Structures are given as C-alpha cells and as structure tokens.
Amino acid sequence: MNQTTKTDFQWRRKHLLGLRDLSRKEIEFILDTARGFEEFSTRSIKKAPALRGKVVVNMFFEDSTRTRNSFTLAASRLSADVIEFTKTSSSVNKGETLIDTARNLEAMGVDIVVIRHNAGGAPHLLSRSIKACVINAGDGFHEHPTQALLDAYTIRQIKGSLEGLKIGIVGDIAHSRVARSNIHALTKLGAEVILVGPPTLMPAQVQNLPVQVSYSLDAVIDKLDVINMLRIQFERLGGNLFPSVREYSHFYGLTVERLKKAKPDILVMHPGPLNRGLEIESEVADGPNSVILRQVSNGLAIRMAVLFLVNQAAVLEAKDSHP
Amino acid sequence: MRVLLNEAQISEILDSISQDIASDLGSNNNLVIIGIRSRGEILAQRLQKRLSERLGKEIPCGTLDITLYRDDIHDPQNAVPSQVRTTEIDFDIHQTTVLLVDDVLHTGRSVRAALDALTDLGRPKAIRLAVLVDRGSRELPIRADYVGIRVDVNPEERVQVLLKETDQIEQVLVE
C-alpha cells in the first residue's frame, strides 16, 4: 500500500499558522506523514524518540478538551516534554502580554508553542516575535488548521480521495474557524464545499470563497457525500442571530428523519463538543454513518505529524544558517 | 561508475542467502521477516517468497519505517529532509525470531535505528540481520549474520541498489 516513489518535496515551514497559505502538495504531505503515525495506538510501546529533549508548550487562552489533550498526548508520544499553560492560572491575570509570556517561556528553552487564542492572528503575531515553532490550535474566527487536517484525513481514509466529493458544512459558518480552515483544505484537495445555514450565520464576503451556499439543508442533503455539522457556539452568539435554538434545530439539525434523505454511505462528522439534540440527534451522532470518534483518533496522528514536521523544518533551518 | 551485481547475480545471492537462513532458522517455528523501508522492504518480500517455498509454510513479512528513530533528525550538521512512512507489521513480534533485512550495510546507523524501533513493537526472542551488500566503514559495533556480497569501496563512493519494483532496472552500482 502507498508505495509512492520518493518525491523531491521538502517540508520547510517551521510554523503552522493556517491552511490558506498552504499548497495542495503541502497539505497532502502532512496527511501522508500522518499515516506513519496511525499505527502508534496499536503498539506495545506507544512512543518514539523523534522529539526527545524538545519542549512543547500548550498555551491555551480558551477552553479546550479535545485539541489540548490531543496535542499533549501527541507531543508525549514523540517523547517531548510538555508544559501546560492556562490563562486562568497564569500571570496573564496579572496583565502580562502574550508576547512577554511567550518570550519568558522561550527563555526556558521552549522549542514549539501550540497556541489557542480568542484573537484571530495571535499565532501569526507570536511567530514574528519568537524563535520557537508556532502551531495554531485555533485563533478567534480565523483558522483551526489541525482540525481541518484531521477532517480531510478522515474523509480520505474512508473515501480514498476527496476529488469530486460534495461536502456540506452546516451551521454557524460566520463564527467558525473550523469551517474556514475546512474550506481551504477541502477545496484545495479537490472537493466541492457547500455551506449550509441561515443567512445571518453566513460570513460576509461569502461570495469570494470558492464554495456554494444554501440556506436550506433539506434542499441539498441528498447530494452530499460528507456532512460536517458545526457546533452551535453559544459563547460566541451575542446578538439575535437566530430566533431560537428550537427553530434552528428544526431547520438545520441532523435528525434520523433528515438523514434518511441522504446517500446511504454519507459520512457524518462533527468537530465536537456535541450539543446532543440541537445540531445533531444522539442516534445520528452514535449511528453507523458517524465517524466522530474516528476524527478524534485521527487528530492524534495529524498532530504528531505536524509537531514532527515543524521541528524538522526548524532543524533544517538551523543547518542552513550554520553551514 | 561500475556494476557490482546484475539481475542474475542478485537472484543467485538471494537463493543462496535463503538456503543459509533456512538451514539455520528453518526449524524455528516463530520466524518472521521484516524489511527496512524502502529497498529492504522489497528484498524482505523476495526472501519471504523463497523461504516460504523452501520451508513449505507461509512466513509472515512486514515493513519497518525507521525515520522517527534516526539519530540525525535533531542534528543540524547531519539532518536531511526525510519523510515518515508507514510501518506495516500486522503480526506480533513478541517471542519471534526476526530476520531483519536491508539493502546496504554501511555505518550501521540504520540498523541501530531499526533495532530501537523493533524494541518498541515488542520483545523478539532473537533478531538476525541479512543484507545484500556489506560495504564496510562501520561507525557502530554492528555486523550482519547473512551477507550477499562484501565490497571495499572508498568513503566518498556510493553503493546503490536498484530494484525492478522501484527503479525499473535491477542492478547494484558503485558510483
């Protein structure tokens, strides 16, 4: 399997800030690399020495369960040391700025910073201010690259390729970094993306994105090969963007009834955490079409691949600057 | 550039190595073969075919990717861009006798990495090493149990094993 001949392609990015700037080749290279990490969970010793002696810091300024634990476990499996940083128990509460915090962590010898921040662009700012590698684990409404990579990986793993697939992303597109990163990754890999949701939850300038838009899930569900249900993000919905949760659920929730209209082999995805009974019915989330837990397992392989690749790029950069 | 082995000679060597292996390890009920990506993988599959025929039983065969275990991946002086590929070993190596297969034995560093990688997969009863070419210039205390051909080449020369499956032609070259 996958006896692809050696390519001349070299991964040279020491930061993963978003998928918008990545080429199709780069995205495919990450997915191919992740395949090598998939079997780790079945080993007798679930560790490799690839990042031995390296220090990874998880800087999370927002809540997270999956992404944070996934990065921690991924770094541990590559034998890195991991520092957990949370906003609530840190000097950020004393007024320290992001850059100062990061520079201080860097002074302790941190090699890779994994950052989640409520401000879009925070990882980019950080990457210009410190020498360590920076990985974006979600910034504001902007991007969440590792989530989109694991989504693409899961689809490719099951469907073989993304070329020509019709993939629906349903829900609050405007406030979703998952949607934004998914749009970049999936379209670059050859899929057709259809955004589905109420007009109030569509991003401004949606016509400039390489996607189709539908305000009715019932109108498009029978065409989809994959449906990615976004979470209703109550913490981001300040205004009156939809009349009521019940009404939203009625028109855009993925119910058993609605799924009957879809192709029998449709993949049901969700980035988590689930609002059971709102955007997705429990029986659908736990049903035969759901690959939600597989997404979580694959996330680990993707994050190991990304940690490995950014570190390798940093080593090669050091080699180039000291010939 | 000179040709060290042609197609017929490679095939002869594999026949003779598999004969030696069969007489040494053939009575062993737990023999498995593991090739190091990528040329070792192909040689392992060819030895597997010969040994399975010779011993009248199907010998399990797998592929090991050693990228994560290489000792140069952190070393700014020696790091080279490398791609992590899959390890495909769908059997338990615990208590087995592993025949590890690679194309060229040189510094011994790839074999060192492979031994570490195997240890993380389980605890074999024994590990034996078979290589097509031993070109000398070892940097680590490692030797092969089965060697196709030994050659002395200058340190700056490169021994290249080309196999039909990946290279369309079948040759061992020194250049």
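Let me begin with chain B of this predicted model, where, among the contacts with a separation of 6 or more, 71% are accounted for by residues 24 or more positions apart. Of the 175 residues in this chain, 40% count as buried, and the C-alpha trace spans about 45 × 40 × 30 Å along its principal axes.

As for secondary structure, chain B comprises four helices and eight strands, which along the sequence follow the pattern β-α-β-α-β-β-α-β-β-β-α-β. The radius of gyration of chain B is 16 Å, close to the 16 Å given by the globule rule for 175 residues, so chain B is as compact as a globular protein of that length.

Turning to the end of that pattern, strand β7 of chain B, residues 159–162, pairs with strand β8, residues 171–174, in the antiparallel sense over four bridges, and within this pairing V161(B) has V172(B) as its bridge partner. In a regular strand, side chains alternate between the two faces of the sheet. In β7(B), V159(B) and V161(B) form the covered face, while Q160(B) and L162(B) form the uncovered one.

Now to the largest nonpolar core, which has 142 residues, and in which the members touching the most others are L78(A), V113(A), V114(A), A305(A), L307(A), V101(B) and A130(B). Helix α11 of chain A, residues 292–321, gives the most to this core, with 13 residues. Because domain 1 (24–144 + 299–315) and domain 2 (145–296) of chain A both contribute residues, the core lies between them.

Finally, leaving aside neighbours within four places in sequence, L307(A) is in contact with L51(A), V56(A), A74(A), A75(A), L78(A) and I112(A).

Notes. Residues are numbered from 1 along each chain as its sequence is written. Chains are lettered from A and ligands numbered from 1 in the order in which they are written. This is a predicted model: local features need pLDDT of at least 70, side-chain atom pairs count only at pLDDT 80 or more; totals for chains, interfaces and linings use all residues. A residue is buried if 20 or more other C-beta atoms lie within 10 Å of its own, exposed if 12 or fewer, and partly exposed in between; C-beta atoms are placed from the backbone. Helices (H or I, at least four residues) and strands (E, at least two) are DSSP runs, numbered from the N terminus. Two strands pair if DSSP finds at least two bridges between them. The radius of gyration is taken over C-alpha atoms; the globule rule is 2.2 Å times the number of residues to the power 0.38. Two residues are in contact if their C-beta atoms, placed from the backbone, lie within 7 Å. A nonpolar core is a set of buried Ala, Val, Leu, Ile, Met, Phe, Trp, Tyr and Cys residues joined through C-beta atoms within 7 Å. Domain bounds come from an automatic or database domain assignment.
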